[in-house]
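I opened my notebook for a friendly look at one model. Here are my entries, in the order I looked things up.

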Amino acid sequence: VWLKNDSELDYPDQFAGEKREVYLSGEAFFDVVKDPKKPFIIHSKNLTTKVLGTTFNIRAYDHEESKEVAVVTGRVLVSVNQGKGKSREVVLNPRQKIIYNQKDNLIIETEAKINSSAELDQQIELKFVEMSLNEIIGRISQKFDVEIEIKNDQINNCKITADLSDEPLDHCLEIVTQATNSNYIIHENKIIIDGNGCDN
């Protein structure tokens, strides 16, 4: 298991019984040894991912509205708990991804563009459609491995649509601060964003 920033994995010292169960908060890439008699199950907020043996990525941060499972090799079964006793199961094959937006209760199946754990580090998507500043800053922080603090909570929920995929860190910061009527400073190796808020 390769854990990303601000991620935690709870697991037992030894797997007992007929299944291997772990609990993920955050994002991780898994390479699971095949064992049909002991399926590997990952619990992550509203998602439960069940595999026999495969490589895949799960992104399920508590502060983000969207949760994702992307398969590189093998096959996984994802169960989405949509609340009110309603759930949906989706089978993912290689290069397939599921995105679950908890706020809108929307499930999207799409193509996964990752090939390996090494390549995954470069595949943090910086393309956003009506996404909150809080989530965008989380992705930028992971992509460039920097600490970013939003000082004024009022701008956390500002919605931004932008493609920052090929932009360097300073351009990313300039674009998001202009879009949210804010500014940023660098203080003691930390980037601090502050401002008066936004209209949306």
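How many bridges join β8 to strand β9 (residues 86–92)? I counted seven, and the two strands run antiparallel.

**Ground rules.** I am working on a predicted model, where local features need pLDDT of at least 70, side-chain atom pairs count only at pLDDT 80 or more, and totals for chains, interfaces and linings use all residues. Residues are numbered from 1 along each chain as its sequence is written, and side-chain values use heavy atoms, with hydrogens and water left out. My helices (H or I, at least four residues) and strands (E, at least two) are DSSP runs, numbered from the N terminus. I call two strands paired if DSSP finds at least two bridges between them.

**Entry 1: around β8.** I looked up V80 and found R88 in β9 as its bridge partner. The hairpin of β8 and β9 has two residues between the strands, and there K84 takes a positive phi near 55°. I then turned to strand β5 (residues 47–51), which pairs with strand β8 (residues 76–83) in the antiparallel sense over five bridges. K50 stands opposite L77 in β8.

**Entry 2: T55.** I found this residue in strand β6 (residues 55–60). Is T55 buried or exposed? T55 has a relative accessible area of 12%, so I file it as buried (under 20%, with exposed over 50% and partly exposed in between; 1.4 Å probe, protein chains only). Leaving out residues up to four places away in sequence, T55 touches F29, F30, D31, V71, V72 and T73, where contact means heavy atoms within 4.5 Å.

**Entry 3: a three-stranded sheet.** I traced an open sheet in the order β13-β16-β15, with mixed pairing. β13 and β15 are at the edges with a single partner strand each, so one side of each has no neighbour in the sheet. On average, neighbouring strands of this sheet are turned by 25° against each other, direction ignored. Strand β13 (residues 147–150) runs parallel to strand β16 (residues 190–195), with four bridges joining them. I148 has I191 in β16 as its bridge partner. Strand β15 (residues 182–187) pairs with β16 in the antiparallel sense over six bridges. Their hairpin has two residues between the strands, and E188 in the turn has a positive phi of about 50°.

**Entry 4: two helices.** How do the axes of helix α2 (residues 133–144) and helix α3 (residues 169–179) meet, and at what angle do they cross? They come within 11 Å and cross at roughly 175°. My axes are lines fitted to C-alpha atoms, for helices over the stretch in contact, and angles run from 0 to 180 degrees between N-to-C directions. I therefore note α2 and α3 as roughly antiparallel to each other, a label for angles over 145 degrees. L133, I136, I137, I140 and F144 in α2 meet L169, C172 and V176 in α3.

Technical notes: Parallel < 35°, antiparallel > 145°, perpendicular 65-115°, else oblique.
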